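Thank you all for coming.

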Amino acid sequence: RQGCGGCPLLETPYPEQLRQKQARVEALLGEFGPVSPILGMEHPWHYRNKAQFPFGTDKDGNVVTGFYAGRTHTIIPNTDCALGVPENRRILEIILAHMKRFQISAYDEQTGEGLLRHVLIRKGFQSGQLMVCLVVNGSSFPEEETLADALWQLSGMTSLSINTNRERTNVILGKKLRVVRGTGFIEDSIGGITFRISPLSFYQVNPVQTEKLYIQALAYAGLTGKETVWDLYCGIGTISLFLAKQAGKVYGVEIVPDAIRDARQNAERNGITNAEFFVGKAEEVLPEKYEKEGIHADVIVVDPPRKGCDERCLETMVKMHPQRIVYVSCDSATLARDVKYLRENGYEIVRGRGCDMFPGTVHTEVCVKLERVSR
Ligand code: SAH
């Protein structure tokens, strides 16, 4: 297996990786409640459905793409990631050849000059659909149609788009997006629900493990079919729609407008009529709905980004007195912080479980079930 150095556990035998991760989840939660065995993968390779490759120029002036060398922004050429899909390589080779042919430059972080910054590739594991998004320091890319022709030689090519990012920033994607060819999104399905995914929308990177994670979150939610459920940080509504089948009503909240557009489409496409979605920050939408409209919740599911939940969000969740809170986390430090707040404010941990979404890396997804302590 070829590694680029970006994934520190790639050389560690998989059972040992799982053992280490289980120990970390137990260290985090074990003192407060039982921890079930981590959900591992059967084939922990080529699991990532998404890759974002940086482009740059080597010292001989050739455009290169690959991975940043650990903690630097020096690109190690590598188009063949052990965790990514095999199609990444062909797509990158086509783009590199196109750039050579039409003398297109790569972006230079030092000077802010040059055109191509990153290439985002996503694949629907169920659908086989491929999406390519070029992140450029400009609004167009030379010979876009010629590039589209070359890419469409690959089976599954569904969408080519251009994302504009002219900022001097580490943030990969800009806000402006234009479709060059195809639909502008791909589809994938998890657990019998089909999702449409736009380039700017978040979608879990490991679909095989995502299904296991959602099944676990659904089990922790303990739904009977009557409950009102809030799914905060809902992305394209994946967890919301998973829960909707067994809930009375589901409300999703998400900050990215494109993701909410996807979520509404996804509900419609799957014939789910008891899910409603709001664009905005969870810490603003939830207090507003609670204070002004007096909405309530039997169960709240949260799946925040690494920085965890804003305290205003946690505060409102507690005020709403849901019977259960299911916390899905990709960052143990903020999970520990937020769970501490919830434990100090009337909730106890019933059970927790890790899900190995990121084999080869030190990251672990964790799902925790909290129940309101009756006083
Ligand atoms: N539950 C979804 C998404 C989880 S990722 C899934 O499983 O696919 C976290 C999501 O939170 C991202 O979609 C991100 O855009 C969104 N987000 C980040 N900050 C937010 C905030 N303050 N309020 C609401 N959503 C936010």
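**The ligand shell and the helix pairs**

Let me begin with the shell around the ligand, which by class has nine nonpolar, four polar and four charged residues; here Ala, Val, Leu, Ile, Met, Phe, Trp, Tyr, Cys and Pro count as nonpolar, Asp, Glu, Lys and Arg as charged, and the others, Gly among them, as polar. This is a predicted model, in which local features need pLDDT of at least 70 and side-chain atom pairs count only at pLDDT 80 or more, while totals for chains, interfaces and linings use all residues. Residues are numbered from 1 along each chain as its sequence is written, and side-chain values use heavy atoms, with hydrogens and water left out.

The ligand is surrounded by 17 residues, and the closest are Tyr 214, Glu 254, Ala 282, Glu 283 and Asp 303, where a residue is near if one of its heavy atoms lies within 4 Å of the molecule. Two helices, H5 (238–244) and H7 (282–293), each supply at least two residues of this shell; helices here are DSSP runs (H or I, at least four residues), numbered from the N terminus.

Which side chains have a polar atom 2.6 Å or 2.7 Å from an oxygen atom of the ligand? For Tyr 214, an N or O atom of the side chain is 2.6 Å from a ligand oxygen, and for Glu 254 a polar side-chain atom lies 2.7 Å from a ligand oxygen. On its own the ligand has 570 Å² of accessible area, of which the protein covers 92%, by the Shrake-Rupley method with a 1.4 Å probe.

Turning to the packing, H7 and H8 have axes 8 Å apart and an angle of about 30 degrees, the axes being lines fitted to C-alpha atoms over the stretch in contact, with angles running from 0 to 180 degrees between N-to-C directions. H7 and H8 are therefore roughly parallel, a term for angles under 35 degrees.

Helix H8 (residues 311–319) also packs with H9 (residues 332–344), at about 30 degrees and with axes 10 Å apart, so that H8 and H9 are likewise roughly parallel to each other.

How values were computed
Polar contact = N/O pair within 3.5 Å; in protein donor to acceptor, adjacent residues only side chain to side chain. Parallel < 35°, antiparallel > 145°, perpendicular 65-115°, else oblique.
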